[in-house]
Each structure stands twice: as structure tokens, then as C-alpha cells.
Amino acid sequence: MIDPVIPRIPSVKVEVRKEPDQLSQQAHRRIIGGLGLLLPLLLWVFAGARPMQGLPPWTLLGSVSAYYYTGAIGVFVGVLFALSLFLITYQGYKRVAADRIVGGIGGMAALVVALCPTDPPTPLSAPPWFTPSTSAIHYIAAIVLFGSFILFSLWLFRKSDHPDRSTRPPDKRLRDDICLGCGIAMIGAVIGVGVCALMNESIFWPEVIAIEAFAISWLVKGEAHVAIAEASRRMARKLASR
């Protein structure tokens, strides 16, 4: 008896890739973090390169928001508008509505911060439409904005499908710890802003600390370190092949 010939179907290798939505979310987080990371430096550079009459060039102002009245106004408003757009369109995880709610609130607050400036630094004058309520709205919106950043760092970024922390991957636990540290740093910085304001002192550095902590938490959540490591390996392979 002759055994029947069974045709062999060639095996197909299936490449496991990250879902497009996941890659998009990571890029989204990295953009938000990158905008925050560069903002203080860009403000100082553009304000110094385009000095205003009455303000010494390359001198730090009393607050980050005061750069609205300098040659860096385009950077200040532009970054806040971009940040607002990315926060409002941030989707987060599909089953976590809080990601979209907190992101939307933070995005609207960033828009208000950009549209309602703080008091002008001495000796500059405020625009004709400026009123005391404009400055009050600015401060309230700034508090809401940093409040949303703190919620992301302390709560949303540290959520996991594994309630037991010990069962989470080591990389996830490390990222959780960094986000926790960033959230605590932001709380301390916001308190520092309040104390300095009550003492009529500069709030520039507490604001910068809060902004940088927010930026680091978003970059860590977006696994920017993985993208940097992959880019470095590709560059090293190209250099080695020459």
C-alpha cells in the first residue's frame, strides 16, 4: 500500500510588532515631554538673542511666564499651544477614561495660560487689554495645568494590569519609581512657587524644576530611553560598517 503524499505547507514566520496605536502613543508622550524639557532653555536663548528695551539681555526673569513680554513670546505661546494640542488629543489607554479627561483638562489649562499672561516684569508695560483678572486667570490655569501633570505622574503613569508591584517587569517598576519621584518633585516645586510668591521672590527656578520634572515623567512613560538606545545602536552599526 502506498502512503498518500501529503503536500507540505511552508511555514511562515510571523513577526511580532508593536501595534500602530501603541507606537503612536509612545511618540505622543515623547513629544509632550520634549516640549517641556526644552521650554526653559529656549525661552532664555530667544529672549537673550532678541532683548527688549528696559530688560538686561541674558538675565533671568522672575518667572517663566514673564517671558511672554520678551522676544521669546513666540516660543512661549507656540510651545504652550502645541502642548495644549497634544494633551487634548492624548488618548492614553483605551479602557482608562481618566487619561483623556486629565489630558483634556490639562490641555485647556495650557491654552488659557498662553492666552492670559501674567503681570509684566518691571519696567515693561502690559498690553491695553490686560486687566488684574487676566493675571488671576493665568495663575489658576497654571495650577490646574501642573495639577494634571502631577496626576499623570503619581497616578495614571503608574497604573498597571498587575496590581501586585512585585509581579511587574523590572523596567516597569523603575519607570514607576521615576514617575513617582517626578510627581513628588512637582508637588515640592509648586509649594516652592507659592512660598516664593508670598515672599515676593523670584519663582523662576521652582517653575523650571516643576516643568523639567513633568517633562522627564512623560519621556520616561514614552520610553524615550529605548528610542535613544536603538538610534545609538543603529548609528554605531553604520559607523562600524564604513
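Biologist: What makes the nonpolar surface patch in this structure?

Modeller: In this predicted model, a nonpolar surface patch of about 690 Å² is formed by Leu41, Trp44, Val45, Phe46, Trp58, Leu60 and Trp205. Helix 1, residues 20-49, contributes the most to the patch, with four residues.

Biologist: Why is Phe46 called partly exposed?

Modeller: Phe46, which lies in helix 1, has a relative accessibility of 35%.

Biologist: Why is helix 2 called roughly antiparallel to helix 3?

Modeller: The axes of helix 2 (residues 73-88) and helix 3 (residues 97-115) come within 7 Å and cross at roughly 165°. That makes helix 2 roughly antiparallel to helix 3, because angles over 145 degrees count as roughly antiparallel. Helix 2 passes helix 3 in a left-handed crossing.

Biologist: Why are helix 5 and helix 6 also described in relation to each other as roughly antiparallel?

Modeller: The axes of helix 5 and helix 6 come within 8 Å, and their crossing angle is roughly 160°. The cut-off for roughly antiparallel is over 145 degrees, and helix 5 and helix 6 are therefore roughly antiparallel to each other. The crossing of helix 5 past helix 6 is left-handed.

Biologist: How do you know that Asp171 and Arg175 form a salt bridge?

Modeller: Their side chains meet at 3.0 Å, N to O. Because Asp171 and Arg175 are four residues apart in helix 5 (residues 170-198), they are separated by about one helical turn.

Biologist: Which of the words buried, partly exposed or exposed applies to Asp171, and which to Arg175?

Modeller: Asp171 has a relative accessible area of 34% and is therefore partly exposed. Arg175 has a relative accessible area of 13%, so it is buried, given that buried means under 20%.

Biologist: What makes the contact between Glu223 and Arg175 a salt bridge?

Modeller: The side chains of Glu223 and Arg175 meet at 3.7 Å, N to O, and the limit is within 4 Å. This pair links distant parts of the chain: Glu223 is in the loop between helix 6 (204-221) and helix 7 (224-241), while Arg175 is in helix 5, 48 residues apart. Both Glu223 and Arg175 are buried. Elsewhere, salt bridges that share partners join Arg168, Lys172 and Asp176 into one network.

Biologist: Why is Glu223 called buried, and what is its phi?

Modeller: Glu223 has a relative accessibility of 16% and therefore counts as buried, the limit being under 20%. Glu223 has a positive phi of about 55°, although it is not a glycine.

Biologist: Why is Asn200 called exposed?

Modeller: Asn200 has a relative accessible area of 69%, and exposed means over 50%; Asn200 is therefore exposed. Asn200 is placed in the loop between helix 5 and helix 6. Asn200 has a positive phi of about 60°, although it is not a glycine.

Terms used: Residues numbered from 1 in each chain as written. Predicted model: local features only at pLDDT ≥ 70, side-chain atom pairs only at ≥ 80, totals over all residues. Heavy atoms only, no water. Patch = residues over 30% accessible without salt bridge, like charges linked within 9 Å, V, L, I, M, F, W, Y side chains within 5 Å. Areas by Shrake-Rupley, 256 points an atom, 1.4 Å probe, with all protein chains shown as cover. Helix = DSSP H or I, 4+ residues; strand = E, 2+ residues; numbered from the N terminus. Buried < 20%, exposed > 50% of the residue type's maximum accessible area, 1.4 Å probe, protein only. Axes fitted to C-alpha atoms, helices over the stretch in contact; angles between N-to-C directions. Parallel < 35°, antiparallel > 145°, perpendicular 65-115°, else oblique. Left-handed = near helix turned anticlockwise from the far one by under 90°.
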